[in-house]
Amino acid sequence: MTIELKENERLDDLQRNGLQIIQKTDGFCFGMDAVLLSGFAAVKPGERVLDLGTGTGIIPLLLSAKTEGEHFSALEIQDEIARMAERSVKLNHLENKIEIVHGDIKEASRIFGAASFDVVTTNPPYMNDSHGLKNPTEVKAISRHEVLCTLEDVVREGAKVLKPGGRMYMVHRPHRLIEILGTMKQYKLEPKRMKLVHPFRDKDANMVLIEAVRGGGAWMKVEAPVIVYKEPGVYTDEIYSIYGY
């Protein structure tokens, strides 16, 4: 299928199952966090998945290629970005497998219904210091700062839409780890797996991956960390295996 790109758009090859994605040339593009989350999230055959704050739709696209999940729903509040993600789904002929929904994370349980998904994935805004932003409506600001939703909104709604025993997978920043774990437990999501991500072996972690189970027991495994680069510009073998090269 050929697709007409709009001004300030580009077409990127995901180098996975022939998939392509439309992204802004000057906007917020998916990064390593989305790739790592798609590798960390376990989706079993026949499961239904919801991605909260999907942006360009990168996570459902990658998960549709990597797993045997039955269906992937994806929620995005920014209308222009949601429409762009929808065009990427059509470009890849995945309309029967991926549904992009334009809507607010704070309304997710109303939009989709309670206990309707086996898995929730989310790569939410990391920064809670949204004061001082020059343009809080800018796409990058909304993607990175808690302008339109908070961590609690994401966790609360994720917990509501999950079936009992369902799993939430989140990528976030380590400096908010205590807040993340506390909020998850507040909404009966029990953290079960955690993996820290380091840019280099000798650098502090700059991301954390967490799996939590709705109504799970209190037992968490801290897995071996992920190291992204073995030298500047050269990914470690683990990164290539996660992405699926």
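A residue is called buried when its relative accessible area is under 20%, exposed when over 50%, and partly exposed in between (1.4 Å probe, protein chains only). The model is predicted, so local features need pLDDT of at least 70 and side-chain atom pairs count only at pLDDT 80 or more, while totals for chains, interfaces and linings use all residues. Residues are numbered from 1 along each chain as its sequence is written, and side-chain values use heavy atoms, with hydrogens and water left out.

Helix α1 (residues 32-40) is mostly covered, with 7 of its 9 residues buried; helices (H or I, at least four residues) and strands (E, at least two) are DSSP runs numbered from the N terminus. The buried residues of α1 are Asp 33, Ala 34, Val 35, Leu 36, Leu 37, Ser 38 and Phe 40.

The axes of α1 and helix α2 (residues 58-66) come within 9 Å and cross at roughly 35°. Axes are lines fitted to C-alpha atoms, for helices over the stretch in contact, and angles run from 0 to 180 degrees between N-to-C directions. Ala 34, Val 35, Leu 37, Ser 38 and Gly 39 of α1 make the contact with Ile 58, Ile 59, Leu 62, Leu 63 and Lys 66 of α2, contact meaning heavy atoms within 4.5 Å.

Strand β9 (residues 207-214) is largely enclosed by the rest of the structure, because 7 of its 8 residues are buried. Strand β7 (residues 162-172) pairs with β9 in the antiparallel sense over 6 bridges, pairing requiring at least two bridges found by DSSP. Tyr 169 stands opposite Glu 211 in β9. Strand β8 (residues 189-198) also runs antiparallel to β9, joined by 8 bridges, and Met 194 stands opposite Ile 210 in β9.
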